[in-house]
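Q: I'd like to learn how to read salt bridges in a model. Can you walk me through it?

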Amino acid sequence: MAARGFPYTDLKDFLAALERAGELRRVTVPVDPTLEISEVVTRTVRAGGPALLFERPTRGEMPVAINLFGTEKRMAMALGVDSLDEIGDRIGALIKPELPVGWSGIREGLGKVMQLKSVPPRKVKTAPCQEVVYSGDDVDLDRLPGLQVWPGDGGIFHNYGLTHTKHPETGKRNLGLYRLQQHSRNTLGMHWQIHKDSTAHHAVAERLGQRLPVAIAIGCDPVVSYAASAPLPGDIDEYLFAGFLRGERVEMVDCLTVPLQVPAHAQIVLEGYLEPGERLPEGPFGDHTGFYTPVEPFPVLHVETMTMQRNPVYHSIVTSKPPQEDHGLGKATERIFQPLLKLLIPDIVDYDLPAAGVFHNCAIVSINKRYPKHAQKVMNAIWGAHLMSLTKLIVIVDSDCDVHDYNEVAFRAFGNVDYARDLLLTEGPVDHLDHASYQQFWGGKVGVDATRKLPAEGYTRGWPEEMTMSPEVTSLVDKRWKEYGL
């Protein structure tokens, strides 16, 4: 069942829905965007607390909205569902390979096609995000209450800017979520990583000796904000995906000074370009890994135009070791993309990406084991599946293990494994931010086969039966529980 008022028109609409639901608190006293907001947010997240609206930041000209996605409940509200699995079920229904049977099947198939056709973005001529326009010398990024999150950060960062680029040759659009370091009143460092599509767009522009136009949207509606973080294949338009999630087309407007489109209901838009060959040191930055990422050279965005709504709200996020707000985003991705992963790897029954593994370092996967070395086959398939290729640790368990129950998973992984035989060691790509690999961008990986072992795998001792109480006794104790006085 969709959340009341869903789909939300814009960020302010979502904040109002959160407030009605008791999921938003306003902070009415002055709070410093340098470190103080970060500490308040971190404590709130770790207490399972609400979304926050800092109404009087001591830097910038607008309030700061943060911790919007910090719980699964708020993430579900953001996407208009009661449970994140509902979206995965919708995707699973769309990708079922069965041919339609009879008239009802044909009608269902047409309904699926029309559902997809109805959700591409829709262009509008005027937009709230362009109610106020600053250009040239009037552009000043200090109007925004950007955050310094950790003491060792290299300065002020804008942590939820939705970055828009186009492939210079094909015109294919990309929407990504990258941190932005403020270098000056009108320049930003573009920390896009080696595996990202925008990096490829920039490489083509540099090869052609061209400037790359860029537009940054801050404070979009929550579905678009989530879609920017989703690990979509390069040929899937993020705005088509956002329209699918919303059940309604996303309104887009032409930028004023660059040949790109942005969400019409964004709070703030920055328009500019990258000069070919230009780099500046970016970082350090306290990232979601829990460690500072080092200073590296990254491209520089020259902001020529800044547009915004009247009375805008600035959206950001705090990054740190888990738990942090990105838990909600990561859990949404896990649930939403489960059907697609199962389509690629039908052996998978369920999977979990633990927040403690910052969602890409560890995957727990359950399978119905059918043949020798089945677990190892699934490990290799995961390492070949799009951005799952960055996973460093894969734990494979039998289907009767709840992958979301970490105690049960640990019981299997600690007790069902002969570590001389049941580990698969390999090397491959790792996340750009991974500090543990001895070389940047690639490193060692391990798969742990925590399934029951078969005689054909060389296990000849006869796998023991796990103890379970008889149903008759559990039923008896259920009935008599109050009698025991416990």
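Predicted model: local features only at pLDDT ≥ 70, side-chain atom pairs only at ≥ 80, totals over all residues.

Q: Which residues are linked in a network of salt bridges?

A: The network joins Asp85, Lys331, Glu334, Arg335, Asp350 and Asp352. One of its pairs is aspartate 85 with arginine 335, at 3.3 Å from N to O. These two come from distant parts of the chain, 250 residues apart: aspartate 85 belongs to helix α4 (residues 85-94), and arginine 335 to helix α9 (residues 326-336).

Q: Is arginine 335 buried or exposed?

A: To call a residue buried, its relative accessible area has to be under 20%. Arginine 335 comes out at 8%, so it is buried.

Q: What does glutamate 334 form with arginine 335?

A: A salt bridge, with the closest N and O atoms 3.0 Å apart. Glutamate 334 is buried too, its relative accessible area being 0%.

Q: Where do arginine 412 and glutamate 466 lie?

A: Their side chains meet in a salt bridge, 3.9 Å from N to O. Arginine 412 sits in helix α12 (residues 406-415), while glutamate 466 is in the loop between β23 (442-449) and α13 (471-480), so the pair ties together parts that are 54 residues apart in sequence. On accessibility, arginine 412 is buried at 3%, whereas glutamate 466 is partly exposed at 39%.

Methods
Residues numbered from 1 in each chain as written. Heavy atoms only, no water. Salt bridge = Lys/Arg side-chain N within 4 Å of Asp/Glu carboxyl O. Helix = DSSP H or I, 4+ residues; strand = E, 2+ residues; numbered from the N terminus. Buried < 20%, exposed > 50% of the residue type's maximum accessible area, 1.4 Å probe, protein only.
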